Amino acid sequence: MAVSKSRTLPEFLWALLVLVMFAHVCNGFYLPGSYMHTYSKGQEIFTKVNSLTSIETELPFSYYSLPYCKPQGGIKKMAENLGELLMGDEIESSPYRFRMNMNETVYLCTTNPLKEHEVKLLKQRTRDMYQVNMILDNLPAMRYAYQNRATIQWTGYPVGFTPDGSKDDYIINHLKFRVLIHEYEGSDKKKASGYEIVGFEVYPCSVKYDADTMSKNEMYKSIAPVNCPKDASESQIIREQERVSFTYEVAFVKSDIRWPSRWDAYLKMEGARVHWFSILNSLMVIFFLAAIVFVIFLRTVRRDLTRYEELDKEAQAQMNEELSGWKLVVGDVFREPDHSKLLCVMVGDGVQITGMSVVTIIFAAFGFMSPASRGMLLTGMIILYLFLGIIAGYVAVRMWRTIKGTSEGWRSVSWFVACFFPGIVFVILTILNFILWGSNSTGAIPISLYFVLFSLWFCISVPLTLLGGFLGTRSEAIQYPVRTNQIPREIPARKYPSWLLVLGAGTLPFGTLFIELFFILSSIWLGRFYYVFGFLLIVLLLLVVVCAEVSVVLTYMHLCVEDWRWWWKAFFASGSVALYVFLYSINYLVFDLQSLSGPVSATLYLGYSLIMATAIMLSTGTIGFLMSFYFVHYLFASVKID
């Protein structure tokens, strides 16, 4: 046995070393927006365009699906990472060209007469409040809007607008750009002086031009400054056979903002501020409530154990006959639960999801995954999930060995661990993808990306999960402190179903989560930046503590009424928080996403919410189950039994 232990430990350490080395390689890639660019005066800079987005439909579409001007060299796809592709981003080149620190007003192009389908599409995108998203030096274009005497900041600008009381729609065809620059003086010969871009603002308007006159100009020809009209009659209407001329002007403004602080304006956008005191108050209340329950519970168990151990053997035997409660299920408490393989698989996947979440949030809290690195958060989560398969396989197979007493069937358990959660996600995403394909949305996952994800899963996650399962067979099984009787003990009848208590237990973990959940949902569905990962890390740690405490308390309550079927109840005592998360998501859809229109958008929202709720169930359920398992093991190992 000693030889087995000595072999298992180095193997596991070697596996962890390989994982750390891969993690270093993954984090060694260039993060967009992490390096400062300096530009010399007159240097050409081209903006990029991202997908058109709307908070009303949540269906992204390509920028060039509308009749906009195209670059002279043709449309080029910009480099995208895995996370950007999954989020529906489609970053492409654009014809908007700036020359550093040179103010100018420029003609871009004039379209052909608008056809019926183009007019219909422009009107639909305008009515659905679609926004054009532009990027300059990795900064999104920011727009200021004035509503109810307050200044509101948005990213992007609308495709068009519809005046109040009018049936006509007007297209945005003139853009006023304001680029904030900071003059940089190189400290040595290697770092040349120049200008840094520290802000990118856009002020859109609609201007009616004489298309015949404008079309005689060449692209980038300088024109007279344009004044944005206030009257709709002077704006460019959207209708058939109209020719739309596009122009823009750019003004460079020197700023005291330094390059490291240029994202501050985005992270302080109105509507995305976290209510610090509200969160702190909620966290403290939940923490002290859970701590009080746990302290009372510890005193009760310790008193029972002290009384039991102070008696001699004859008194203990008499006490066993007279007393009821958890001491009477000693011969059944470790009896194999129903569907034990499924339990091991869900625990393994839960460990994998929990590890991925903790590491990702820690990296984000320390600034390694900033909003400047578009898609890197999701990319990092996927990479971590793939490599943490080794831990999932190890935990699941070791739990399987503990329950069954043998390693037979470990390959089947490892395969189920590798396929269970990814399979659920695959089915849901495939259904949603057919919906997105039917809508011609850029949010649809391409077939090529499906192949890439499958290859990553099959070539990284599956082998590592099988390796973890193999290491689990080499590790020593957890020995039960008591023997299990051959005949199961009858469970006394109860006045109310035990599952009712299990479902109710999820309200306490949900209390630690729901405030932060609001801001997370807002960042996903309302296009706001989420940046308070430090608070999210605190919430996550507190959630782990509360899940563990709730599950242990509920397990003890079931054992006290001689209910030895605690395995699944311990899992769902904390895992039931996912039910409340999903119900809260529906509440958010009804009351906070009232602008969301159509069954397609609602189906997408509910599909992604279901994936999130499933991941939360596996993670929180695993935390509660493992803590309950070690508690039950410790409790019955502390009692002297012949």
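Let me begin with helix H10, which is mostly covered, since 13 of its 16 residues are buried, buried meaning under 20% relative accessible area with a 1.4 Å probe and protein chains only, exposed over 50%, and partly exposed in between. This is a predicted model, in which local features need pLDDT of at least 70 and side-chain atom pairs count only at pLDDT 80 or more, while totals for chains, interfaces and linings use all residues. Residues are numbered from 1 along each chain as its sequence is written, and side-chain values use heavy atoms, with hydrogens and water left out.

H10 covers residues 389–404 and reaches 22 Å from its first C-alpha to its last, close to the 22 Å expected at 1.5 Å a residue, where the expected span is 1.5 Å times one less than the number of residues. Helices here are DSSP runs of H or I with at least four residues, numbered from the N terminus. After H10 comes glycine 405, with a positive phi near 80 degrees.

Moving on, helix H13 (residues 498–505) and helix H14 (residues 507–525) pack at an angle of about 15 degrees, with their axes 5 Å apart. H13 and H14 are therefore roughly parallel to each other, a term for angles under 35 degrees. Leu503, Gly504 and Ala505 in H13 meet Thr507, Leu508 and Pro509 in H14, contact meaning heavy atoms within 4.5 Å.

Finally, glycine 598 lies in the loop between helix H17 (577–591) and helix H18 (599–637), and at 45% relative accessibility this glycine counts as partly exposed. Glycine 598 and threonine 57 are 541 residues apart in sequence, yet 7.3 Å apart in space, C-alpha to C-alpha.

Terms used
Helices (H or I, at least four residues) and strands (E, at least two) are DSSP runs, numbered from the N terminus. Axes are lines fitted to C-alpha atoms, for helices over the stretch in contact, and angles run from 0 to 180 degrees between N-to-C directions. Angles under 35 degrees count as roughly parallel, over 145 as roughly antiparallel, 65 to 115 as roughly perpendicular and the rest as oblique.
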